[in-house]
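Let's walk through this structure together, one neighbourhood at a time. Have the viewer open and follow along.

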Amino acid sequence: MKSGGSLSIWFFVGLCLGVNGALIFARGIYEAMYPPAEKVVLYALHANIWWGGFLLVVGVIYSLKFSPARERARNAAKQ
Amino acid sequence: MNLALLLSSSTLVHLSPVDLAIIIFYFALVLGIGLYLKGQANTGEDFFMAGREMTAWVAGLAFLSANLGSLELMGWAGNSYKYGILAAHWYWIGAIPAMLFLALVMMPFYHICKTHSVPGYLKLRYGPGAQAISSISFAFMTVLMSGINMYAMAVVMRVVLGWNITFSILISSITVMIYVALGGLRSAIFNEVLQFFLIWAGALLIPILGLIEAGGWSGLKAKILQNLTEQHVANPGAYTHAWSTLGTFTDNPMGINWVGIVFGLGAVISMGYWTTDFLVVQRVLSAKDLRSAKLAPIIGAAFKMMVPLIVILPGLLGLALLRDPQGQLLRLVPADLAWSPAGQAQGLHGYDEVLPLMLARYCGPGLLGLGITALVAGFMSGMAGNVSAFTTVWTYDIYATLINKNASDETKVRMGRWVTVIGVIISIGTAFLVMQAQSIMDYVQALFSFFIAPLFGTVILGMLWKRTTPAGGWTGLLAGTLSSVGMYVWVKLDPGAVRYVALSMEAQDQAQNMFRALWCCLICVIVTVVVSYLTKPKPESELKDLVYGLTPIPKDDHVSMFHSPVFWGAIVAVAFVILQIIFW
């Protein structure tokens, strides 16, 4: 996809999801260890752990699949 | 400005350090994208059309995201709380048929004639007069709407987060200004795609957790029925049925019937918006080839069908589940009442707050920051869409057509960067103007709607009927617009006139909009046809690549079924019909 030189839009998407996922996941682990005084509804489901983990995994996959190195290789192959 | 001063104690939600980190990371990322893309926006095609090299997926997601602003999300979540599942029509019949029509019928003409904008197409088809009127009205309205959205978003940020209005306006608009001025349309599109993922990541948890709490869809319906019956709301069952209550005006909370939804919304308003509003069409024009340009709206349509999951469902969940701290049912009220001093003193919440309320219900630190970032990203992305469309129309359809006909490509890019800055400054000015006189907001929004419905009639007749003449197109557009204004003023002066304009005294604002659009589009078409028969048409040689029958449209025969826009269009159409049956 030639839509951003050596950095693909999908790399930025992966970066964004990965960093946010990592922060949310880490906060979820922290909350599981030190439960807050004010809990959200359905706190027991620990949504921040599994949702943060899901975003982290998707983000890492996208960041690696569309990493600048791979994008440069793809662009070189097309030329 | 001290950050602590921006956060007051009486807000809907409170942000933790991890939430702030997520928000700050988003701002840093979009600015970084703008800086990175600066080097790839050197020519007019690069800056204004993103080089016309976007893939179908990128163009399709940007096409959808340009419309998926935070006001749209919060506003329609609020509407679903107010009107029930009827609000989903704006995502289904109010979008899907029009998107498929754009993809399969209109896109070839836009793409083949290589226009830079919708006013540019009008120039080719009808001449410079239609282009001038269309571009000036579009540019004027777009920049005003951008400011109004900016103000409305800042108000929401104040109510939800306690942020200072001026701070919200300046920080978000300056960020948008920097990344659009640096990277042009490509930068706007990159951020729109990013915003698409952020919105889903930030909002999808609400329906998942909400349905778990409500006991699934059947549990949700039962709770809504019980709550509304408790509150003596008329016909409570209508809130969870999309079509079965549209036989009469009085059976549903919107005061509309199926004619208004099918013809007013589906056939006119949505067709006008999704096929002729340059704000969204510009994204598809950036596609790298005709097949991508046709696939992009189909991809957008597939995801548009699913947006009710994160917009309409949270509104319905709010109806079923929201309770105050004492455990009593929480009843949301109109925004003007909720945000008045008396409403604030009583702790009332507006309809539009249902999405943030649901967000605060389920999302703790981290997830809350992501949800708020999604809303901020939605706002900035919507503003970037307005600004980039304004910049293109100003530069190509006003500056290079009326002011400096010999402008070089370099001059146009320079003009584009400056107009981005000026557009944002005017938007900020509008936002502060609205702050002084909020009634302006209603008038400008109505003004914007006056142009969209008749414009669809003008464009579609121009594309599909070679007999349409420049005089016919021009007078039809004028007659349609004036009739729309006339009906609006008539109802304002005499509220009883709603029985003629919208066919029922029960018609709410949305229903009035539907019928007004339907009548003014019909007037536009009738006037265009009559005047065209009375005037001399353009020679066919001048209509090549602009009109059906005179434009050689490449066939998709050489591509496999799974790469064919028609195939995927049919899949989306079938899914659309199935959804209507499920939620009938």
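Leaving aside neighbours within four places in sequence, Thr240(B) is in contact (heavy atoms within 4.5 Å) with Ile85(B), Trp217(B), Lys221(B) and Ile224(B). Thr240(B) sits in the loop between H11 and helix H12 (258-276) of chain B, where helices are DSSP runs of H or I with at least four residues, numbered from the N terminus. At 9% relative accessibility, Thr240(B) counts as buried, a term that means under 20% relative accessible area with a 1.4 Å probe and protein chains only.

A word on conventions: this is a predicted model, in which local features need pLDDT of at least 70 and side-chain atom pairs count only at pLDDT 80 or more, while totals for chains, interfaces and linings use all residues. Residues are numbered from 1 along each chain as its sequence is written, chains are lettered from A and ligands numbered from 1 in the order in which they are written, and side-chain values use heavy atoms, with hydrogens and water left out.

Now look at H10(B) (residues 205-214) and H11(B) (residues 216-230), whose axes, lines fitted to C-alpha atoms over the stretch in contact, come within 7 Å and cross at roughly 70°; angles run from 0 to 180 degrees between N-to-C directions. The two helices are therefore roughly perpendicular (65 to 115 degrees). Leu211(B), Glu213(B) and Ala214(B) in H10(B) meet Gly216(B), Trp217(B), Gly219(B), Leu220(B) and Lys223(B) in H11(B).

Finally, the cysteines: a search of the whole structure finds zero disulfides (cysteine sulfur pairs within 2.5 Å) over all chains. The sulfur of Cys363(B) is 16 Å from the closest cysteine sulfur, in Cys16(A), too far for a bond.

Definitions and conventions: Parallel < 35°, antiparallel > 145°, perpendicular 65-115°, else oblique. Buried < 20%, exposed > 50% of the residue type's maximum accessible area, 1.4 Å probe, protein only.
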